[in-house]
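Come along and look things up with me.

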Amino acid sequence: MSEENIKVLRKVGLKITEPRLTILALMQKYQKTLPHFSAEDIYKLLLEEGEEIGLATVYRVLNQFEEANILVRHNFEGNKSVFELLPKEHHDHIICVDCGQVAEFQDPIIEERQKQVSAEHGFELRGHSLYLYGKCADTEACEARQHNK
């Protein structure tokens, strides 16, 4: 049990439970290799690690973590939700329409232009989400990812 994760849950007002601690630790463990994950992804990883936490509990915990600003929900593919741990820095996403691969990027010119457009329309920008959709340039890797879904 990570003392740091206990502090995180306490700070956001969530009760310390084994499923919450286990799911948070799992997300942190796989953050580099699986930065965007669905509830089903988390459930599969839990099963692989021998954890007996049901899918309904995973959904409930992810929703609680979103409400507590521990993670962010995205809807890249239609209505399918994916999550990522709350990023330290703002970034945007580009998503392959064929295989679903997600790349994160930062671009100061785009960020500045969004502020300008907001001001031109009489808005003070408080936040935004930018999703770009395209196709992978590496078609072989893209096809392999499609078959592994």
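**Entry 1: contacts along the chain**

I began with contacts between residues at least 6 apart in sequence, and 46% of these join residues at least 24 apart. I noted at once that I am reading a predicted model.

**Entry 2: the overall layout**

I counted the elements next and found 6 helices and 5 strands. Reading from the N terminus, I wrote their order down as α-α-α-α-β-β-β-β-α-β-α. I then looked up the extent of the C-alpha trace, which spans about 50 × 40 × 25 Å along its principal axes.

**Entry 3: surface and charge**

How much of the protein is buried? I found that buried residues make up 32% of the 149 residues. For the accessible surface I noted about 9,900 Å², with 50% of it belonging to carbon and sulfur atoms. I also looked up the charges, 18 positive and 25 negative, and their mean positions are 6 Å apart.

**Entry 4: the largest nonpolar core**

I wanted to know which residues sit in the largest nonpolar core. This core has 23 residues, and those with the most contacts inside it are Ile23, Met27, Ile42, Val58, Leu62, Phe65 and Ile70. I then listed the elements that give two or more residues to the core: helices H1 (3-11), H2 (18-29), H3 (39-48) and H4 (55-67), along with strand S2 (80-85). Helix H2 gives the most, with 5 residues.

I picked Ile23 and set aside residues up to four places away in sequence. Ile23 then touches Ile42, Leu46, Ile53, Val58, Val61, Leu62 and Phe65.

I followed that list to Ile42, which lies in helix H3. Is Ile42 buried or exposed? Ile42 counts as buried because its relative accessibility is 2%, and the cut-off for buried is under 20%. With residues up to four places away left out, Ile42 touches Ile23, Leu26, Met27, Phe37 and Val58. I also checked Ile42 against Glu84: the two are 42 residues apart in sequence, and their C-alpha atoms are 11 Å apart in space.

**Entry 5: a serine in strand S2**

I turned to Ser81, which is found in strand S2. Ser81 has 19% relative accessibility and therefore counts as buried, since the cut-off is under 20%.

My next stop was Ser118, found in helix H5 (residues 108-120). Ser118 is buried, with a relative accessible area of 12%. Apart from residues up to four places away in sequence, Ser118 touches Phe123 and Leu125.

So where is Leu125? I found Leu125 in the loop between H5 and strand S5 (131-134). At 34% relative accessibility, Leu125 counts as partly exposed. Beyond its neighbours within four places in sequence, Leu125 is in contact with Gln114, Lys115 and Ser118. I looked up the spacing to Gln114 too: 11 residues in sequence, and 8.1 Å from C-alpha to C-alpha.

**Entry 6: an asparagine with a positive phi**

I marked Asn69, in the loop between H4 and strand S1 (71-77). Asn69 has a positive phi of about 60°, although it is not a glycine. Most residues other than glycine have a negative phi. Asn69 is exposed, with a relative accessible area of 54%.

**Entry 7: toward the end of the chain**

I finished with Glu140, which is found in helix H6 (residues 139-147). Glu140 counts as exposed because its relative accessibility is 66%, and the cut-off for exposed is over 50%. How far apart are the C-alpha atoms of Glu140 and Val58? I noted 33 Å between them, with 82 residues separating the pair along the chain.

Definitions and conventions
Residues are numbered from 1 along each chain as its sequence is written. This is a predicted model: local features need pLDDT of at least 70, side-chain atom pairs count only at pLDDT 80 or more; totals for chains, interfaces and linings use all residues. Side-chain values use heavy atoms; hydrogens and water are left out. A nonpolar core is a set of buried Ala, Val, Leu, Ile, Met, Phe, Trp, Tyr and Cys residues joined through side-chain atoms within 4.5 Å. Buried means under 20% relative accessible area, exposed over 50%, partly exposed in between (1.4 Å probe, protein chains only). Helices (H or I, at least four residues) and strands (E, at least two) are DSSP runs, numbered from the N terminus. Contact means heavy atoms within 4.5 Å. Accessible areas come from the Shrake-Rupley method with a 1.4 Å probe; for residues, only the protein chains shown count as cover. Lys and Arg count as positive and Asp and Glu as negative; His and the chain ends are not counted. The place of a charge is taken as NZ of Lys, CZ of Arg, CG of Asp or CD of Glu.
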